[in-house]
Each structure stands twice: as structure tokens, then as C-alpha cells.
Amino acid sequence: MSTPVTPDPWTALRRHTPARIALGRSGSSLPTSEVLAFALAHAQARDAVHAAFDAEGVAAAIEALGMPATIVDSAAPDRATYLRRPDLGRALSDAGRAALVASARGACDLAIVVADGLSCAAVHAHAAPLVETLLPAVRAAGWRLGPVVIARQARVALGDEVGALLGARLVILLVGERPGLSSPDSLGAYITFEPRVGRTDAERNCVSNIRGEGLSYEAAAFKLAWHAREALRLGLTGVALKDESDTALLGVSSPPPVGEAMA
Amino acid sequence: MAYRATLGSTTWTFDSLADLLAKASPPRSGDALAGIAATSAQHTVAAKMALADVSLKTFLNEAVVPYETDEVTRLILDTHDVAAFAPVASLTVGEFRDWLLSEIATPAALTRLAPGLTPEMVAAVSKLMRNQDLILVASKCRMTTRFRNTIGLPGTMAVRLQPNHPTDDPAGITASILDGLLYGCGDAVIGVNPASDSLNVLGDLTRLMDDLIQRFEIPTQSCVLTHVTTALQLIERGAAVDLVFQSIAGTQAANASFGVTLALLQEGLDAGRSLNRGTVGDNVMYFETGQGSALSAGAHHGVDQQTLEARAYGVARAFEPLLVNSVVGFIGPEYLYDGKQIIRAGLEDHFCGKLLGAPLGVDVCYTNHAEADQDDMDSLLTLLATAGVTFIMGVPGADDVMLNYQSTSFHDALYVRELLGKTRAPEFEAWLQRSRIVGSDGRLAPRAAGHPLLTAGAGT
């Protein structure tokens, strides 16, 4: 007997996007199979939020690239506190502050911070490879690099305090973005000129969605290097620094599929 | 000044109007995070009782954020319409709740009253209301706006088609737009959140949506949700900008954290209108807001997040927007912890916006680090639809693959239409019927493979 589900005759469009299109319908509602698929994806994302962060493993991968790495904690002692108290995730613990003061070796042009954020999976998978991809541009520009700081239970603004303690002109903070149903491992990168406690989000630039199915390491590193160069040249980051790095890297795709669904 | 309430042998004291409002708020994690929440359940009720006795006129004399240092406060007080306020000028907050629920408060009376209300008055009365009060009064408010169609007519609910893609891929975004249109969505706006800040990419996205709207003569508008300064640059470059977007908040300092001032919003409004792209109206602004944004920016002045959210609508209405969207569950559990708090906040936001005269839609949504799920969203969506919400989001399968959160889907919109008989913006509904996407009853037509949206102009 035939199923009461009404299919959508444009499933061919699915190849253009990870979005949940052409799902079909039962009356006006989602078919059973889609309701269950969504429930599973949500369960996976929920579990990703609460996974443990392997800071030592990330530090080892960074050190294998020939850079010193320092592990610090934010002022949030655990995940439950971290989720309710973003203020604690933006500040260093006392021990973390002391460790950074000890590891600072004079002023630097660029400090890189790796923060767990809301997805350890993103940091585990992408932080070290992205840093490795970015390194040639950093070396070519001759920027003095501070120690790479790995921060646990950390939010974006933690980079301000870290950058200030390291005497950095610019901080790039890599952070696990909030997990989506289709992307539990997406990395974001925030660039802040003259980091210091109290910087607002309007004073940062962001490169987001760095992951296998999103922005590639090469494209992300290209954009980060462009932003870093422009930030150091203009002496600012944020809404006044518009991303004109390129369109080629983002715009590559097939033409819009109007009229080709049946092809 | 201090406010007091005595319950039995205990007298509760509240230092200021801001303190009273904070303590009277239904519980939410953001106020606890700010250290301004009530310390017990009785503390909250004591504050509600004291608040009920406060005269509405008090809100004109005691600013919760200083007039001298905050341009949002100046906007609110300087544009307050004393004549419009007259019908309720002698009432207390508690009496105002009774007035709003009474037969006196007709849709026409509420429309006339809106310019006489300040956001703080509206926030205050909402704190004395149960969810059913928020729904009932909001359902009596009428707010109609126009650009290429008519949004907000009684019995309608519009949908923003949100076709986001992780890398702004034009084919991917087009695929989601087609999916949404074929599900009968997109009358509020086809609005994409770009992953990129690149002006060239944003210009390409603007052209992509404009081409589709022109080619199929769709009576709707497009928007690339980027910073107002970026929209100004796009307009300078000659891009086909329909709506000018901006995130806004309820204090000057919070707006500064978004990189905007009231003067800059005015510049955006003027630039958007200068293009004369609307066919039936010139409401060109699209604002987004959300409880907790001011605290997130360290710019809350000790005021509770719901009162500050209402102040954001005070900002919005000054710029005659087509759409104002409370992105209620997007900000995360540190501000709205679970489904219960998100549902309450969504109803408050819709009520406050509508009473102030803003065309409030709600992004019924949650993140994966909040204690919420699809059942909570179904509840909030159904409640808001009965309250007459102006528009909701339409995201393919409710899963935003760029912003990484869950919103409402095209299917969810159809659910509301089937359950409550809500129709679309009339111009858009007529287009859907002409295009044989829906039948004369507004329900989806049988799927004929080879719809013009999928086949016309093949190969171009």
C-alpha cells in the first residue's frame, strides 16, 4: 500500500546545501522519518556540548608545530558554571593569570588563543591544523608570535585579557562555536586589535564556520592573514574594518539552480 | 526613591524603580547573572504588589537609565505623547492591567494609546500579567506595515524565509529559497544571514534575491542581514537593497557595542527610503532584538533584561520598521535557561512590542546548550500564533545550518495555518495562488513536477 507521505519533486536541489530541504510532508507536517532524524541530531549536539576538553592533546599538537603552548583555565570551574556564568568564562583564573605572566617574553605582534567554547569537538579537530595552515603567512609577514595559549571553559572575550598580559598588538582567538544540528564541530576565529579587558564585540572581526563542510583551513587562514595585515596597518578591528579580502574563495560554486531541479 | 510592600510581618524595600522592576520579574537566568533577581518566590510577589501600586506617571519622572547619559532614555521621554497618554494617565500599573483587559481597550483605543506609553510602563504591566493576559491583550493590538506587501492585517501571520548557508553558496541559498517558496513561505521577507562580511559577497547575495523576486514577480522584499554601515556601503555601490537591517538594544551603551547610534539608524532609514524600492509602502527597516543583549555587552545599568528589551522596541518604533524580530532563545541559557523561561520571554516580548506599536515577530528558537527542545517551541509557536504574532521564521527543517540553532520551519508555518486558519500577506497569498503553489483555500496544491520555479528558464 502507498505511504500517506507527500514527497517533494525537488530532491535534486539537496546537493546544493546541507539545509533540510525537500523533506516531504504528512498533510502539513513532517514525515515520521524526518521527526526521528531531527531528534537524533539534537541528541548528538546536546552530547557534544557536554563532552570533555583534551587541552593537553591540543597543546601537544601545537608544540609539534614548533611553538610553545601554555594551558590556562578561565574563572569558571566546571561546565555547569560555565553555561550559566559567561562573565567567569571571559576572565582568567588566578593560576591562569600567573602562568601567563610567567610565560610572557616581552611584547609580540600576534597572540593566538585556542578556547574550548561550546564545542570541544571543533577545537580537537580543527585548531592545530588551522594554526599550521596559518603559520607560513605569519612567518612571511615577520610578525613576532607570542606563546599559543590553550584555554579551558573559555569564551571569546578571554582573549582580551590573555592578549593584554602577553603584550600583543593583535589577538586571534579560535573557539568551538555553539554546535548546530548539522555541525557539531564548527570552529570560529575572532580577531581583536590591541586586546585589553573591556573590548566590545563591535571591536572584533570574525571568521566563522571553519570545518570540513564549511570554510576550509586554506580559506580561513587566508582571511585571517588578510584581517591581521589590515588590522596592523590601520590600527583597528571591528565594524570599521570591512572584509574585502576576496570573493574568489567564498564565491566558488555552481550557478543558482533555478530551473535545473529536474535536470 | 524607595518602594515598599508589607506581607504579614515582613516589609520588603526596593531601592529604586529599576530595583522594583527587576525583583518583580518572573525568574530568568540573565537577571540572576546580573545579580539583580529576587532572592525568593515571596520577594518576587512582594515586588509585584508594590509595583501594582506605582502610578504610571512615575515612569515619566524616574528614568531607569539616566537621561543625561543615555540617548535611548532621551528618545523615550522626549517623544512621549502626553495627549495619547491621557486615557491612562491617572492609573497605577495594577489598574492599567485591568484597563488593558477591559472592554474599553479596543483595538482602536490601543492604537491611539501606543505613542503615550513608554517601554518601562509596558514592561511594568507585563510583570503583573499571566501568560493568558499577555496573549489576550496582544491579540487586540493592530500594527500594519508595508513595503511590497501588507504585513500584520488581522487574521494573518507572515513568515521570514531564512535561507542561510554555511559559506553563502549562491546555489545553496537559492535551493533553500525555492524550498520555502514552494512551501508557501516568504511574505515577511526573504532574509539571509551571511557568513561573510565581504562587500562583494553581500552585493552578490542582494542581487541573487532581487533577481529572483523580479523574475517571478514575487510581492515580497529581500534583506541581507548585515551591519547598517555595510548596508550604507552597499547602497553607495548601487546594490538593490530593499530592507536595511540592524540589531538594536535598549541602552545607548549596548547599541554602541553593536556599533550603532540613533543617528546612524536614521542614516540607514534615510538611505533605504532614498531608493524608493517599496511599491505599497516605505517601511524599510528590519530590526532584531533579544533579552540579555545589554547585559552581554556590560551595558545594563542594573535594569532587568525584559525592561531593557522593551526599550529596544522604543528605539525600533521611532524608525517605522517593516519588521521587528525578537530572537528570543538565540542568546543562550545564561539569559533564558530553559523552555519555560523562553516561552515566558517570547510572550512578554510580543506583548510589549505590540503595545508600543512595533510590528513584532518572534524567532521561536533555542540553542543546543539550552534546556529546551522542539516540544517547547511547538508550545511557544502555538501561543504566539493565538496572540496574533506578526511573523515567524521559516528555516528549512527548523535547522539553521549557518547560525547553528533551531528555529521554526516551513512545516511549522503550515501547521499554524491549518490549526488556526491564519492567512498570508494578501498580495503574497494571491501570488501563491496565481503560481499554483497553493489552492484557493490557501493549502499547498498537489506537487506537479515541473513548477515554473523549478523549470522556467532552464539553462539560464
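Reader: In which order do the six strands of the open sheet in chain A run?

Author: The model discussed here is a predicted one. In chain A, six strands form an open sheet with mixed pairing. Strand 1 (69-73) and strand 6 of chain A are the edge strands, each pairing on one side only. The order of the strands is 1-3-2-4-5-6.

Reader: Which residue in strand 4 of chain A does Ile112(A) stand opposite?

Author: Strand 2 of chain A pairs with strand 4 (residues 168-176) of chain A in the parallel sense, over seven bridges. Within strand 4 of chain A, the residue opposite Ile112(A) is Ile172(A).

Reader: What is the bridge partner of Ala115(A) in strand 3 of chain A?

Author: Strand 2 of chain A also pairs with strand 3 (residues 148-152) of chain A, in the parallel sense and over three bridges. Together with helix 6 (residues 120-141) of chain A, these two strands make a right-handed β-α-β unit. In strand 3 of chain A, Ala115(A) has as its bridge partner Ala151(A).

Reader: Is strand 2 of chain A mostly covered or mostly uncovered, and how many of its residues are buried?

Author: Helix 7 (residues 158-165) of chain A lies across strand 2, strand 3, strand 4 and strand 5 (187-193) of chain A. That helix runs at about 145° to strand 2 of chain A. Strand 2 itself (residues 108-115) is mostly covered, and the number of buried residues among its eight is six.

Reader: Which residue of strand 3 of chain A is the bridge partner of Asp73(A)?

Author: Strand 1 of chain A and strand 3 of chain A pair in the parallel sense over five bridges. In strand 3 of chain A, the partner of Asp73(A) is Arg152(A).

Reader: In chain B, what is the average twist from one strand to the next in the open sheet of four strands?

Author: The four strands of this chain B sheet stand in the order 8-9-10-11, with parallel pairing. Its edges are strand 8 (244-247) and strand 11 (360-362) of chain B, each pairing on one side only. From one strand to the next, the twist averages 25°.

Reader: What is the bridge partner of Thr289(B) in strand 10 of chain B?

Author: Strand 9 (residues 285-289) and strand 10 (residues 323-326) of chain B pair in the parallel sense over four bridges. In strand 10 of chain B, Thr289(B) is bridged to Ser326(B).

Reader: Why does Ala253(B) count as neither buried nor exposed?

Author: Ala253(B) belongs to helix 14 (residues 252-257) of chain B. Neighbours within four places in sequence aside, Ala253(B) is in contact with Ala297(B) and Ala299(B). A buried residue needs 20 or more C-beta neighbours within 10 Å, and an exposed one has 12 or fewer. Because Ala253(B) has 18 such neighbours inside 10 Å, its class is partly exposed.

Reader: Which helix of chain A gives the most to the side that touches chain B?

Author: In all, 63 residues of chain A are in contact with 61 residues of chain B. The elements giving two or more residues to this side of chain A are helix 1 (32-49), helix 3 (79-84), strand 6 (204-210) and helix 9 (248-251) of chain A. By class, this side has 27 nonpolar, 21 polar and 15 charged residues. The element that gives the most, with six residues, is helix 1 of chain A.

Conventions: Residues are numbered from 1 along each chain as its sequence is written. Chains are lettered from A and ligands numbered from 1 in the order in which they are written. This is a predicted model: local features need pLDDT of at least 70, side-chain atom pairs count only at pLDDT 80 or more; totals for chains, interfaces and linings use all residues. Two strands pair if DSSP finds at least two bridges between them. A crossover is right-handed if, with the strands pointing away from the viewer, the path from the first strand over the helix to the second runs clockwise. Two residues are in contact if their C-beta atoms, placed from the backbone, lie within 7 Å. Ala, Val, Leu, Ile, Met, Phe, Trp, Tyr, Cys and Pro count as nonpolar, Asp, Glu, Lys and Arg as charged, and the others, Gly among them, as polar. Axes are lines fitted to C-alpha atoms, for helices over the stretch in contact, and angles run from 0 to 180 degrees between N-to-C directions.
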